[in-house]
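Me: I would like to learn how to read some features of a protein model. Please take them one at a time, with the general idea before the case.

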Amino acid sequence: MTDRTEQMDDLQLVALPSAVGCTEMFVRFSLTEWKLRSMRDDAAAAAGRLARAVVDAAEPGSPGMITARVRLSGGNLVIEVESSRPARAPSAPAGGRCGADDLGPGRHMLWLTMPLPGGMDAGAVPLPRRQRRPSPEAARLAAEEEAGAPPDPDVLGRILYGLNGSQSRHQK
C-alpha cells in the first residue's frame, strides 16, 4: 500500500455559514463520482464539522476564504479545510483520525482521515473518466461556423455595443 495521492478535488468558499452545507455537498458529489457511496454520509457529516469549526473561528466582518479539499491517499479518504485563521479540530469519526496543522504565516488546516471500505487502496478506487464535450449549442455553432454560415448580426451588434462601453449602439 502506498500513501501517494491518487485523486483530489478542491473547492474555495467564503468562510460564512453557507460554506458548511457547500462543503458537505462537495464531499457527497466527489464520493459519488469516485463510487464511494458507502462513505458518503459519514464523510459529508465529518467534512461539515471541519467547515463549521473554521467558520466559527472566522471574523464575522472579514471572514476570508477557505479551501475544502478531498483526497484519496493510500488506504484513506482525506478531507482538509484550509483557512487563514486557526481553528480547533472536532472529534474524529469512528475509525478515523482528525487534527490541525499550522502551515505557515496565515495558513492553517483542519484535516481528517477515514479508512477506505474493505481495506481498499486509493489506487483501486474506480475514478471517473472526464472528457471535454461541447454543449449541444456549442456543437451546433461550431458546425455552422465550419459550414460558412454568416454570424448573427444582432449578436455582433451586442458584442460591439459592449466593447464600445457607454456609446449607444445606434450611434455611428
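Me: Is Lys35 buried or exposed?

Reply: This is a predicted model. The general idea is a cut-off on relative accessible area: over 50% is exposed, under 20% is buried. Lys35 counts as exposed because its relative accessibility is 51%. Lys35 sits in the loop between H1 and H2.

Me: What phi does Lys35 have?

Reply: Most residues other than glycine have a negative phi. Lys35 is not a glycine, yet its phi is positive, about 60°.

Me: Which residue just after H3 takes a positive phi?

Reply: Gly148 does, at about 85°. Helix H3 itself covers residues 136-147, 12 residues in total. From first C-alpha to last, H3 reaches 17 Å, close to the 16 Å expected at 1.5 Å a residue.

Me: Is Ser30 buried or exposed?

Reply: Ser30 counts as buried because its relative accessibility is 0%. Ser30 belongs to helix H1. With neighbours within four places in sequence left aside, Ser30 is in contact with Asp9 and Val70.

Me: Where is Ala44 found, and what does Ala44 touch?

Reply: Ala44 is in helix H2. Its relative accessible area is 1%, so Ala44 is buried. Not counting residues up to four places away in sequence, Ala44 touches Glu24, Val27 and Arg28.

Me: How many residues does the largest nonpolar core have?

Reply: In soluble globular proteins, nonpolar side chains tend to be buried together. Here the largest nonpolar core has 33 residues. Those with the most contacts inside the core are Leu31, Trp34, Leu36, Leu72, Leu77, Ile79 and Leu116. Two or more residues come from each of helix H1 (18-33), helix H2 (40-57), strand E2 (65-73), strand E3 (76-83) and strand E5 (107-115). H2 gives the most, with eight residues.

Me: How many cavities of 30 Å³ or more does a search of the whole structure find?

Reply: The search finds one. The largest cavity has a volume of about 40 Å³.

Me: Which residues line the largest cavity?

Reply: The lining consists of Ala15, Val54, Ala58, Pro63, Met65, Ile66, Ser83, Ser84 and Arg85. By class, the lining divides into six nonpolar residues, two polar and one charged.

Notes. Residues numbered from 1 in each chain as written. Predicted model: local features only at pLDDT ≥ 70, side-chain atom pairs only at ≥ 80, totals over all residues. Heavy atoms only, no water. Core = buried A, V, L, I, M, F, W, Y, C linked by side-chain atoms within 4.5 Å. Buried < 20%, exposed > 50% of the residue type's maximum accessible area, 1.4 Å probe, protein only. Helix = DSSP H or I, 4+ residues; strand = E, 2+ residues; numbered from the N terminus. Contact = heavy atoms within 4.5 Å. Expected span 1.5 Å × (residues − 1). 1 Å grid on protein atoms, 1.4 Å probe; cavity = no way out; pocket = protein on both sides within 12 Å on 5 of 7 lines; lining within 4 Å. Points joined across faces, edges and corners; volume = space filled by probe spheres on them. Nonpolar A, V, L, I, M, F, W, Y, C, P; charged D, E, K, R; others polar.
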